[in-house]
Amino acid sequence: VLSSKLHEAYQQELAEFKEKVEQLGAYDNKLWESLKGFWDKVQNQSRERNLFREHANHLRDNINVLFEDLKAMRKRVQGEFMAASSTVADEFNKSLDDIEARIAAGGSRLNSVFDELKQMQRRYKEARMSNEHRNQIWNRLDEAFKKAKERKFGPSANDGSIAERHDRRLSGLVEAQKRMEESIKRDEEELDFQKKKVNNSEGQLEA
């Protein structure tokens with residue numbers, strides 16, 4: 001009696017799931033998770049021997065049909081997403097082809113490359129692409145930045161890690177600061193010398 005009551009209640013719940021799946025215009029992950037929760041509930045009752053195997057198998061077969069319908073919807077959505085991702089990746093690749101050609105040409109054509117790469121980096125962060133396409137485009141962006149730096153600043157521009165490059169930059173700034181301080185010191189010494197001359201002058205005209 002308990003198994004029959006549970007089976008009847010689950011049949012009604014299953015009918016509601018079927019209606020929701022039939023009304024779907026596109027794959028819904030929330031509905032997938034709800035259906036999984038429903039199937040787990042049926043399995044638990046079967047393990048507790050509150051459902052006859054026949055009742056449990058009947059529910060399982062009908063639930064599997066709904067899972068297959070949802071899988072087909074998900075596959076269509078994934079196909080559409082991959083097609084859209086491929087289109088976006090193609091646009092990035094064409095832009096990068098143009099930028100790499102300008103890097104190779106050098107000269108004045110190199111001036112705007114860094115700004116365009118930075119803009120492309122911002123667009124990349126917001127773009128909807130598959131992980132495969134994202135990795136491919138990121139690698140090309142990174143390589144384009146390195147080529148542009150090498151072309152503009154010389155072969156050693158990309159040597160070492162980021163930390164090492166920052167250390168070199170910091171060392172350069174410290175050296176520049178020292179040179180400025182030495183220059184200021186010489187100016188102050190010259191100023192003191194001139195002040196002493198003024199103080200020791202013998203007339204207003206000489207001062």
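## Reading the helices

Mentor: The buried residues of H1 pack against H2 and H3. This is a predicted model, where local features need pLDDT of at least 70, side-chain atom pairs count only at pLDDT 80 or more, and totals for chains, interfaces and linings use all residues. Residues are numbered from 1 along each chain as its sequence is written, and side-chain values use heavy atoms, with hydrogens and water left out.

Trainee: What makes something a helix here, and what does "pack against" rest on?

Mentor: Helices are DSSP runs of H or I with at least four residues, strands are runs of E with at least two, and both are numbered from the N terminus. Packing rests on contact, which means heavy atoms within 4.5 Å.

Trainee: Which residues of H1 are buried, and why are they said to line one face?

Mentor: They are Ser3, Leu6, His7, Tyr10, Leu14, Phe17 and Val21. Buried means under 20% relative accessible area, exposed over 50%, and partly exposed in between (1.4 Å probe, protein chains only). Looking down the axis of H1, these buried residues fall within an arc of 95°, so they line one face of the helix. The arc is taken from the directions that run from the helix axis to the C-beta atoms. Lys5, Gln12, Glu22 and Gln23 are exposed on the other side of H1.

Trainee: How do you know that the length of H2 agrees with what you'd expect?

Mentor: The expected span is 1.5 Å times one less than the number of residues. The 19 residues of H2 (29–47) should therefore span 27 Å, and the end C-alpha atoms are 27 Å apart, so the two agree. H1 passes the check too: its 22 residues should span 32 Å, and its ends are 32 Å apart.

Trainee: Which residues of H2 are buried, and what do they pack against?

Mentor: Leu31, Trp32, Leu35, Phe38 and Val42 are the buried ones. Seen down the axis of H2, they fall within an arc of 125°, so they line one face as well. They pack against H1 (2–23) and H3 (53–105), while Lys30 and Arg47 are exposed on the other side of H2.

Trainee: Why is Leu31 called buried?

Mentor: Its relative accessible area is 8%, which is under 20%, so Leu31 counts as buried. Leaving aside its neighbours within four places in sequence, Leu31 is in contact with Phe17, Lys20, Val21, Leu24 and Leu70. The C-alpha atoms of Leu31 and Lys20 are separated by 8.2 Å.

Trainee: Why is the Tyr27 and Trp32 pair called tilted?

Mentor: Rings of Phe, Tyr and Trp (its six-membered ring) pair if their centres lie within 6.5 Å; planes under 30 degrees apart are stacked, over 60 edge-to-face, and the rest tilted. Tyr27 and Trp32 are 6.5 Å centre to centre with 55° between the planes, so tilted it is. Tyr27 and Trp32 are both buried.

Trainee: What caps the N-terminal end of H2?

Mentor: Asp28 does: a side-chain oxygen lies 2.9 Å from the backbone nitrogen of Lys30.

Methods: A polar contact is a pair of N or O atoms within 3.5 Å; within protein, one must be able to donate a hydrogen and the other to accept it, and residues adjacent in sequence count only if both atoms are side-chain atoms.
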